[in-house]
Amino acid sequence: MFAALAAMWVSCGTPETGQSGQPGDGGTTVSGQGGYLFVHMTDENYGRMFYSVSRDGLVWETLNGGKVIIDSYLGHPTLTRGGDGKYYMIGVSTGQTPHYPVLWFSDDLVVWGHRDLSPDIFDVSAFNYKNDTYYYGAPKVWYDSASGRYIITWHAGITGVDNAQEEWESKRTFYILTEDFETFTPAYRLFDFTGDDADMATIDTIIEKEGDTYYAIIKDERWPDKCPTGKTIRIASSSSLTGPYTNPGPPVTPAWREAPSIVRSPDGQGWYLYTEQYPTAYELYRCSSLAGSMWSQVAFTPPVARHGWVMRIDETQYQAIVDAYGAGM
């Protein structure tokens, strides 16, 4: 099984130099032209929120003296910028369980407000599934400018499964849609894969669009000893936000990776895929197109981070963040 996985990963390419400004690293972002924000947790402070910044997406600095950004935030941070210019992310409540989902919002990525959401919007009981009511399957939100809607994705497990491995292998991705975070569609299953992937467990699904095609970047949650693509990051595509999506392509990463984050490279000519080799550190891969199969690993200097999200920010946003939370680069 592992030999098969290694053979499949050859198509992802070989590691690039990853030195800022060198061929293959996606170009350089310089001072005065913005950079990247990495919103993440750490292994020591799992579920809490930290900020790291980078000019080029390769060399990172953690801000705020390595302290949390929002004391009351709990969750798996994933950011999106809506049509109204505001930034949004989904967290969960703190204190006693069961937790409930919380909507966080900001105009400038410095001052954050929040509003409680009803756990009913994540109801998957009609599918005979149940939510983890601690983190709610790590909800992720993405704004689709073409439709003016936000899609919130999360994973849930089948009801009545007690064995931990079987529960993870039962995970499936669900979604809801909203235009205003006031009214929401019912929950639906996002994928209906076929063939060898018909029983594919999926978690950590994120959505991105390139051209007219939507891409779902997915963690294949099956075990590697049962499936050669198990615990790898794979990519499916669709002409519609909600599918149907194709069966995902071959692995972009080796096994035991999760929490993918996708962003344009500094030159705007390709994509950076950050993914966690849990629980140790993040890795970086690059490809010219989300439709491509030649993903190359890029050497970089990651922050001390677990499960997070990378996004491009302009110079005004960059300076506001480093002014508020400590000297940046």
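Here are some notes on the nonpolar cores and the salt bridges of this structure.

1. A word on the source before you start: this is a predicted model, where local features need pLDDT of at least 70, side-chain atom pairs count only at pLDDT 80 or more, and totals for chains, interfaces and linings use all residues. Residues are numbered from 1 along each chain as its sequence is written, and side-chain values use heavy atoms, with hydrogens and water left out.

2. Let's begin with the cores. A nonpolar core here is a set of buried Ala, Val, Leu, Ile, Met, Phe, Trp, Tyr and Cys residues joined through side-chain atoms within 4.5 Å. Buried means under 20% relative accessible area, exposed means over 50%, and partly exposed is in between (1.4 Å probe, protein chains only). The largest core has 37 residues, and L37, Y51, W112, W295 and I321 have the most contacts inside it. Helix α3, residues 315-325, gives the most to this core, with 4 residues. (Helices are DSSP runs of H or I with at least four residues, strands are runs of E with at least two, and both are numbered from the N terminus.)

3. Which residues does I321 touch, leaving aside its neighbours within four places in sequence? With contact meaning heavy atoms within 4.5 Å, the list is L37, Y51, V53, L63, D108, L109, V110, I313 and G326. There is also a second, separate core of 22 residues, including F122, V124, Y129 and I152.

4. Now for the charged side chains. A salt bridge is a side-chain nitrogen of Lys or Arg within 4 Å of a carboxyl oxygen of Asp or Glu, and the structure holds 19 of them. One of them joins D43 and R306, at 3.0 Å from N to O. D43 sits in the loop between β1 (35-41) and β2 (50-54), while R306 is in strand β20 (residues 306-313), 263 residues apart. D43 counts as partly exposed because its relative accessibility is 47%, whereas R306 is at 10% and so counts as buried.

5. K219 counts as buried because its relative accessibility is 1%. E258 also meets R306 in a salt bridge, at 3.6 Å from N to O.
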